[in-house]
Amino acid sequence: MKVSKHIVISLIGMTIIIIVGGLGFAFLEGISFFDALWMTAITVLTVGYGDIIPQTIGGRIFGLLIIPIGVGLVGYTLAAMSAAIIEGKLSQSVWRRRMHQQIDNLSNHMIICGIGRVGEQVLQRFIQEGVQVVVIERDKERVEQIEENFLYIVGDATEDRVLYNAGIERAKGLVATLPDDASNVFVSLTAKGLNPKIQIVARAEKVESEEKLRIAGASKVINPSSLGGRRMAMSVVKPISVDYIDTILQLGKDEYGVEEIMIQPRSKVVNSSLRDNNIRSVYGVTIVAIKRKHELISNPHPDERLKEGDLTIVFGAKDQLVKFEEATKSNI
């Protein structure tokens, strides 16, 4: 039986014994119901102030029956409450230890610093994409309000110790979404110092903070206000285009997506042009850009050849993207 049920049963039993005792003493002793309740309470709790005691034989016999039952119920109630407190602390301790062990076993994961409105959107997208993620948030209540299951650490993301606990040295990337730019700058600077290879995406509220974040080590700086303003303007100027993009790429829609797919050595598509590979007709996807070392080739020409190590930015249906990704793997 769960501890909570033990507590409910004990409280019901205590209530019954106090009501029965109050009615019994009121009848046998001829006193008011309030005085009878008081007599029952001090009897059951074995306080014995001496201010009121049974005067009749019937009242004393009734007291002899009430005392062992009441003392037993009080002991049972205290034991149930103590067990609930101990069990709660133990279960939380075990759960925290297990979560820290899971974090210690992670590698190439993402860290989100701050789980406000922006951070929660990032978290939901990571979960949808199956990305391993650890959240660092100072407000425990804020974390517990989110329904999704995820790994988290309650603490200040600007502290080295907290970042180490989140596995910063093994992480692939970090997203700094703290509400003030100064904290995001400090987090970016600290994270880059602890893991020089980590990719950092930082949130900026002020335009003048964007360059500071890049200097601090952020690989990408996002200004939600600027993006929101452009989006609102485009929704007025080109509403059909914006609606179309929202329809095919909005969160929760699995039909279409954009993926980054690396061309592996000795794959069937390497060293062949887009035209020769019949990318569009065979795989049903569209290569919208190719990242080749430090060069970005947007809207590549059909005669553009895919080379080993090219990072292709591909748009298409989920199953088509999987099919193309299989074609880009090494054919050994």
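## A walk through the sheet and its cores

Start by selecting Cys-113: across from this residue, in strand β2, stands Ile-136. Strands here are DSSP E runs of at least two residues, helices are H or I runs of at least four, and both are numbered from the N terminus. You're looking at a predicted model, where local features need pLDDT of at least 70, side-chain atom pairs count only at pLDDT 80 or more, and totals for chains, interfaces and linings use all residues. Residues are numbered from 1 along each chain as its sequence is written, and side-chain values use heavy atoms, with hydrogens and water left out.

Stop 1: Select 110-113, which is β1. Met-110 and Ile-112 point one way, Ile-111 and Cys-113 the other, and all are buried (under 20% relative accessible area with a 1.4 Å probe, protein chains only; exposed is over 50%, partly exposed in between). Then show β4, residues 173-176, which runs parallel to β1 and is joined to it by 4 bridges. Look for Val-175 of β4 opposite Ile-112.

**Stop 2: the whole sheet.** Zoom out to an open sheet of 6 strands in the order β3-β2-β1-β4-β5-β6, with parallel pairing. At the edges sit β3 (151-154) and β6 (220-222), each pairing on one side only. On the β3 side, pick Glu-137 and find its bridge partner, Val-154.

**Stop 3: the cores.** Which members of the largest nonpolar core touch the most other members? Among its 41 residues, they are Ile-111, Cys-113, Leu-123, Ile-136, Ile-168 and Leu-174. Such a core is a set of buried Ala, Val, Leu, Ile, Met, Phe, Trp, Tyr and Cys residues joined through side-chain atoms within 4.5 Å. Centre on Leu-123: beyond its neighbours within four places in sequence, its contacts (heavy atoms within 4.5 Å) are Ile-112, Ile-115, Val-133, Val-135, Ile-146 and Phe-150. Then jump to a second, separate core of 16 residues, including Leu-274, Ile-279, Phe-324 and Ala-327.

**Last stop: Glu-210.** Select helix α8, residues 208-216, and find Glu-210 there. Glu-210 counts as buried because its relative accessibility is 16%. Leaving out residues up to four places away in sequence, Glu-210 touches Ala-204, Val-221 and Asn-223.

Conventions: Pairing = 2+ DSSP bridges.
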